[in-house]
Amino acid sequence: MSEHMGAPDEWFIAALAGFRDMTTARLRALQAGRSAHEAYRIASGEVEPPEAVAAMFQRFGGLRDKWRASARGCTPTSVGERCAELGVDIVLPNHELFPAQLIDDPRRPAVLFVQGDLHKLDARRVGIVGTRNPTRSGAQTAARFGRELADEGVVVVSGLALGIDGAAHRGVLASADGVPVAVVANGHGAPYPKRHAALWNEVAERGVVISEWPPGTAPDAFRFPQRNRILAALSELVVVVESRERGGSLITAREAGERGTDVFAVPGPIDQRSSAGTNALLEDGAAPATSTETLLMALGLDHRRAGRRRFESRPAPGATGTRVLELCRAKPHNLESVSTALGVELTHAAMELARLERAGWVAEAAGWFEAVDEYSEFV
Amino acid sequence: MFASIPSSVLLGAQGHPVSVEVHVGKGLPGFHVVGLPDESVREARDRVRAAVMSSDATWPDIRITVNLAPSQQRKSGSGLDLAIAVGVLAASEQIPLDSIRNLAFVGEVGLDGSVRAVPGVAPMVGVLGDRDLVVPIPNAHEALVVAQGRVRPIGHLRELIAVFNDLTPWPDHDISVAPRCVTPVPDLADVVGQPMARRALEIAAAGGHHCLFVGPPGSGKTMLAARLPGLLPSLDREQALDVTMIHSAAGVELPPSGLVERPPFRAPHHTSSEVSIVGGGSHSMRPGEISLAHCGVLFMDELPEYGPKVIDTIRQPIEEGVVRVARASLHTTIPARFQLVAAMNPCPCGEGNHPGDCSCGTARMLKYASRVSGPLLDRFDLRVQVERPNVDDLLHGAKGETTAEVARRVAAARAAAMSRQGRLNCELAAVDLDQFAPLTSEALAVLRHEMERKALSGRGYHRIRRVARTIADISTPGATAIDEPTIALALSMRTRVATYPGLGRAA
Ligand SMILES: [Zn+2]
């Protein structure tokens with residue numbers, strides 16, 4: 001007889017979610033009409049598998065042995081206690097806190113691991129996603145949407161990835177009562193990417209961090225598209241800020257589309273790779289996201305926001321500087337392109353750019369200059 | 001009987017005089033070579049014996065002892081063959097001793113008696129003083145460049161025997177070398193657009209700065225690098241001799257004149273062995289690519305692909321201008337004062353120069369960045385982003401300036417630097433910068449700002465000032481103080497390399 005007799009249901013499911021090669025579909029097949037405890041005993045090999053599960057073992061050779069081996073390290077008690085240690089709630093679909101938007105989802109998660117209060121999802125929700133390698137302008141836009149939506153009480157859902165996701169979360173955190181929500185592809189307890197460890201903790205503290213997998217699960221590549229479906233399902237509308245032709249955020253957009261969720265995309269220069277995906281979305285009928293007002297309107301919220309005008313402390317650039325700044329606002333420029341566009345010597349263009357940078361009007365990365373707005377610090 | 005024949009051997013790019021002492025006398029027939037010959041020299045016995053017999057001469061079937069003096073020095077190579085053969089002939093009285101007075105011999109002999117070329121004749125001949133020199137015909141042009149005495153090209157041992165026995169005069173061989181199918185020197189006019197990269201090349205040429213091009217595939221990095229030698233002045237006599245010695249020692253084909261007069265361009269592939277790049281390896285310590293690039297340009301394409309060992313080993317020659325090579329108990333130094341031009345992709349996917357274009361993940365990016373060490377990157381005064389030439393330029397762009405036009409400015413800038421400080425700007429000592437490269441207050445403010453926001457290290461600060469000095473020497477010869485636009489351009493030619501966007505700043 002199993003030694004885990006007294007463990008709560010969710011511990012059994014949590015442990016099962018940590019088995020090797022476990023998928024949402026397999027987990028649901030194991031559970032079909034059975035108690036959590038029974039499902040665990042089947043997967044761990046304590047009892048003979050029923051017909052459906054036996055057929056699955058037949059189809060995927062080695063699965064049976066992998067699960068048996070997993071059961072030795074991944075016990076309900078070990079997983080349950082680890083979650084308690086990390087302050088992670090294990091939420092099953094029958095739990096009152098399980099997000100309503102996911103209950104009827106065609107690929108409903110079998111379990112969620114949650115840091116933070118799921119009640120916070122009971123608000124208007126916008127998903128902001130995009131590439132890990134954005135332009136500065138893209139990251140600033142994500143931060144702007146994040147902050148301004150949060151100012152209006154909208155919950156912003158993103159994925160804690162580098163680039164657009166991070167900027168969106170940071171923008172939300174900059175709003176006094178902003179509620180950031182992150183759906184992640186790995187387990188709790190080992191933030192990924194490492195550079196976002198602090199951000200992860202802040203999001204968990206102020207908002208919610210949701211994973212479909214138990215603590216310690218690695219950020220394997222195949223988990224990201226699955227994460228994206230949850231992100232899409234939790235959002236009332238999804239904004240893709242920047243994405244290359246085959247970026248992961250396009251998967252989120254597709255998942256959103258399949259769920260009837262409106263997809264917005266930020267238009268970008270036609271020769272910029274990080275806008276190729278978003279421009280393609282626009283061609284396919286996504287709505288252009290040109291301002292926070294557009295998004296608020298789509299949510300049916302009052303969009304007459306009081307303009308937040310920041311006192312401009314930067315010294316105004318001279319005539320040439322202004323022309324250079326205009327170039328850098330339109331798209332990233334380098335020394336060569338500025339010198340060509342203005343028809344001035346390289347040294348002269350270099351000086352103008354350096355002055356703009358010193359005054360905080362533009363920022364440089366790898367030789368490319370982009371205009372800086374008040375959201376620059378969140379990039 | 002006894003004969004002593006002057007010859008020489010090669011170590012690295014250096015000749016060392018050797019006396020080949022041959023004694024023919026009583027005792028059991030035999031042929032012994034003593035005096036630290038290595039395997040390649042011991043093989044001479046079989047060649048020399050066959051060559052003598054193929055030259056209508058007699059092999060003395062008595063005891064022959066060859067001593068190579070000085071005896072404590074290791075000898076290698078086949079260049080002593082000819083001297084040993086002549087020594088045996090003289091000691092066995094088949095040629096009169098008188099006839100070989102004041103002659104030295106360098107060359108390999110074939111089994112058929114023919115006299116064959118060897119690498120390193122220029123440095124070997126260089127240490128033989130004012131003697132007349134007997135050398136293989138294909139080596140005559142390089143021997144002529146360095147010889148103080150007459151050069152006697154010879155094709156066959158039989159010819160020598162006839163000359164020494166007064167049967168014929170010295171043969172009059174045609175020693176002209178067919179010019180190589182010369183690939184025309186690539187011209188800067190072929191580079192369309194790319195004003196930044198062109199300017200960087202000009203600055204590199206004028207100041208002697210090491211230069212790194214960072215750009216996506218197809219941005220013409222190799223094309224640019226190959227155009228640097230054309231911008232450099234011809235070698236002076238001393239440099240030309242040094243370079244000729246090295247090229248001769250490495251067995252690299254020399255120009256028809258025998259003298260290397262233009263700065264060499266060497267581009268070893270990253271798959272080349274460490275020995276072939278750095279030098280050493282064989283007993284004669286063959287010069288490597290970095291020495292072949294002495295007084296010229298060493299181009300390393302795909303810099304991160306070179307082995308860490310190679311990267312590590314070239315740092316010392318970059319500092320000292322020579323490379324130390326060692327093998328077993330042997331060691332020597334070979335000149336290797338080259339101007340380094342390297343090229344690399346900004347990141348594994350190649351598109352990371354441009355904001356939003358990179359598709360590399362963090363892990364790939366960090367791995368890539370770790371392959372180019374900070375200490376090596378720091379040697380490049382110029383680190384320039386190059387972009388693919390834009391399509392309009394390719395289709396309608398006016399041809400840029402020619403190499404000749406730019407080379408004139410380069411020469412003027414180099415002359416200005418030499419007359420001001422007696423050296424190129426890349427060699428300006430940090431303590432001399434305030435004297436030779438003073439800054440206007442605006443320019444100083446720019447640098448101070450960069451240092452305050454930690455975008456510039458102390459070493460970077462000095463390198464920027466050297467580059468700025470060169471920019472000023474080109475654009476406004478005679479200007480003393482370096483102004484704000486000049487320092488701004490110098491700063492923009494020191495781009496960060498292989499950093500993940502947003503990874504933070506470092507110089
Ligand atoms: Zn990349």
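B:C349 is partly exposed, with a relative accessible area of 22%, whereas B:C358 is buried at 3%. Here buried denotes under 20% relative accessible area, exposed over 50%, and partly exposed the range in between, with a 1.4 Å probe and protein chains only. The model is predicted: local features require pLDDT of at least 70, side-chain atom pairs count only at pLDDT 80 or more, and totals for chains, interfaces and linings use all residues. Residues are numbered from 1 along each chain as its sequence is written, chains are lettered from A and ligands numbered from 1 in the order in which they are written, and side-chain values use heavy atoms, with hydrogens and water left out.

Both cysteines belong to the zinc site. The zinc ion takes its protein donors from the SG atoms of B:C347, B:C349, B:C358 and B:C360, at 2.2 to 2.4 Å. Donors are N, O and S atoms within 2.8 Å of the metal (3.2 Å for Na, K and Ca); water is not among the atoms, so sites may look incomplete. Along the chain these donors follow the spacing C-x1-C-x8-C-x1-C. The site is tetrahedral, with angles of 102 to 117° among its 4 donor atoms; four donors count as tetrahedral if all angles lie between 85 and 135 degrees.

Chain B contains 21 helices and 16 strands. Helices (H or I, at least four residues) and strands (E, at least two) are DSSP runs, numbered from the N terminus. Of its 507 residues, 54% count as buried, and its C-alpha atoms fill a box of roughly 85 × 50 × 45 Å along the principal axes. Among contacts in chain B with a separation of 6 or more, 73% join residues 24 or more positions apart, contact meaning heavy atoms within 4.5 Å.

The domain bounds below come from an automatic or database domain assignment. Chain A also has a domain 3 (319–378).

| Domain pair | Bounds | Separation of C-alpha centres | Residues in contact |
|---|---|---|---|
| Domains 1 and 2 of chain A | 2–81 and 114–299 | 32 Å | 7 residues of domain 1 with 5 residues of domain 2 |
| Domains 1 and 2 of chain B | 2–164 and 189–492 | 44 Å | 16 residues of domain 1 with 22 residues of domain 2 |

Helix α19 of chain B (residues 441–452) has 12 residues and spans 16 Å from its first C-alpha to its last, close to the expected 16 Å. The expected span is 1.5 Å times one less than the number of residues. Its buried residues are B:A443, B:V446, B:L447 and B:E450. They lie on the same side of α19(B) because they cover an arc of only 90° around the axis, the arc being that of the directions from the helix axis to the C-beta atoms. In general, an α-helix has 3.6 residues a turn, so residues three or four places apart point the same way. The cover over the buried residues of α19(B) includes α17 (346–358) of chain A, along with α20 (458–475) and α21 (484–492) of chain B. On the face turned away from the buried side are the exposed residues B:S441 and B:E452. B:K454, which follows α19(B), has a positive phi near 65°.

B:H141 is located in helix α5 (residues 140–146) of chain B and is buried, with a relative accessible area of 10%. Its C-alpha atom is separated by 6.7 Å from that of B:I175, 34 residues apart along the chain. Beyond its neighbours within four places in sequence, B:H141 is in contact with B:V177, B:L254, B:P255, B:P256, B:S257 and B:G258.

Notes. Four donors count as tetrahedral if all angles lie between 85 and 135 degrees; four count as square planar and six as octahedral if opposite donors are over 155 degrees apart and all others between 65 and 115; anything else is irregular.
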